[in-house]
Amino acid sequence: MTRNRRRLVAWLLAGVVLAVVLTLYDADRTGVSDPKAAPSATPSAALPGTATPAPTATPSPSATPSPTAPPGTGDPSPAPSPTACTSPGACGYPDANSTGPRIALERHDTGNMSVKKDSTVIKGWDIRGSLDVYANDVTVIDSRITSTNWWGINLRPGFSGLKVLHTTITAVPGKGPDNGGVNYAVSNMGGSSIEVGWCDISVFGNALSMGQGDLHDNYVHDLVAFRNQGGEWQHTDAVISGGGNKGRLTVRHNTLLNATPVDKGATAAVGLFADTGVVSSVLVEDNWLAGGAYALYGGGPGATGIRVTGNVFSTQYHPASGAYGPVTAWNAGGAGNVWKDNRMSDGRPVEPAP
């Protein structure tokens with residue numbers, strides 16, 4: 001009897017031990033290989049020389065589809081993209097903080113001054129007057145010009161090499177800019193490209209006037225409407241080219257604003273016109289454009305070699321950038337003409353009308 005009782009106790013103890021072993025084994029297996037096991041709250045450090053795998057992103061919900069366009073209106077307007085811009089300076093374009101002189105200035109009451117010596121350098125001048133350049137390789141840098149003439153700086157025919165850098169050029173409304181018929185902050189009447197860079201330009205109705213040149217990092221703003229001596233409103237453009245140029249015109253990374261009302265002469269932020277010949281060999285790249293009847297006039301039917309790429313057409317004055325639209329007079333079939341990656345400031349793509 002006693003022997004049977006001892007055997008029963010031994011079998012019971014063995015069963016208990018076996019159950020405990022099986023439970024521990026199952027728990028250990030679940031913690032190591034069960035895909036449902038919860039991860040550790042604090043990730044362990046990666047071993048030296050090994051990359052830590054990135055966590056899998058949680059899928060975002062599907063975007064709400066845009067509404068279908070009403071019959072006869074074409075494709076619906078695309079929604080604004082995440083690349084929307086609010087202002088030139090906030091989006092990396094020139095403004096008053098990134099243009100104009102970088103040093104203290106000394107006042108010079110020059111009046112309408114003629115520059116006739118080659119390689120003249122004007123630096124640190126606060127000029128009350130204008131510069132008429134009859135010389136080669138003249139540089140105006142870190143200065144300010146307040147003009148009462150029809151121009152701020154004018155390069156005469158037959159001369160070349162003018163550079164205007166880090167300079168403020170403005171005018172006094174009621175003086176020359178109001179009755180000259182044509183007026184310009186910087187004019188290239190010479191025979192080669194000139195450079196205008198990091199300049200703050202205002203008031204002059206046709207601010208940068210040239211068929212060839214390198215215009216970059218400038219801030220053109222607050223153009224003033226004006227009448228000619230016959231009392232007619234004159235056209236206003238931040239950049240204007242009349243065509244017939246033999247060299248290249250580059251307009252790159254500028255802020256070009258024309259807030260002038262259309263009924264007072266507003267034309268464009270960039271106006272490429274065939275007034276004196278066919279427009280050719282022009283690059284308009286990475287600019288902030290706003291205002292005018294149209295923000296950009298593209299050269300017209302005969303234009304060739306016109307590249308318009310990566311520009312922002314701002315809605316700050318008009319919903320369509322210009323009063324009537326962002327672009328007109330674009331010759332899509334012209335040899336070498338390229339239109340690419342241009343958009344509105346809210347991110348919508350811009351394409352010229354057929």
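This is a predicted model: local features need pLDDT of at least 70, side-chain atom pairs count only at pLDDT 80 or more; totals for chains, interfaces and linings use all residues.
Y297 is buried, with a relative accessible area of 18%; the cut-off for buried is under 20%.

The rings of F273 and Y297 make a tilted aromatic pair, with 5.1 Å from centre to centre and 50° between the planes. Now colour the chain around both residues. F273 sits in the loop between β18 (266–272) and β19 (280–285), while Y297 belongs to strand β21 (residues 294–298), so the pair ties together parts that are 24 residues apart in sequence.

F273, Y294, Y297 and Y324 form one aromatic cluster.

Move on to W330 and W339. Both are buried. They form an edge-to-face aromatic pair, 5.3 Å centre to centre with 65° between the planes. How many aromatic pairs are found in the whole structure? The search finds seven.

Now select K116 and Y134. K116 lies over the face of the Y134 ring, at 5.9 Å from the ring centre.

The last stop is the largest pocket, which has a volume of about 600 Å³. Select S209, M210, S241, G242 and T276: of the 27 residues that line this pocket, these are the closest to its centre. Then show three strands, β9 (184–188), β12 (206–209) and β15 (236–241), each of which supplies at least two residues of the lining. Finally, colour the lining by class. Six of its residues are nonpolar, 18 are polar and three are charged.

Definitions and conventions: Residues are numbered from 1 along each chain as its sequence is written. Side-chain values use heavy atoms; hydrogens and water are left out. On a 1 Å grid over the protein atoms alone, a cavity is a set of points where a 1.4 Å probe fits but cannot get out, and a pocket is an open set with protein on both sides within 12 Å along at least five of seven lines; lining residues have an atom within 4 Å of a point. Grid points are joined across faces, edges and corners, and a volume is the space filled by probe spheres set on the points. Helices (H or I, at least four residues) and strands (E, at least two) are DSSP runs, numbered from the N terminus. Ala, Val, Leu, Ile, Met, Phe, Trp, Tyr, Cys and Pro count as nonpolar, Asp, Glu, Lys and Arg as charged, and the others, Gly among them, as polar. Rings of Phe, Tyr and Trp (its six-membered ring) pair if their centres lie within 6.5 Å; planes under 30 degrees apart count as stacked, over 60 as edge-to-face and the rest as tilted. Buried means under 20% relative accessible area, exposed over 50%, partly exposed in between (1.4 Å probe, protein chains only). A charge sits over a ring if NZ of Lys or CZ of Arg is within 6 Å of the ring centre and within 35 degrees of the ring normal.
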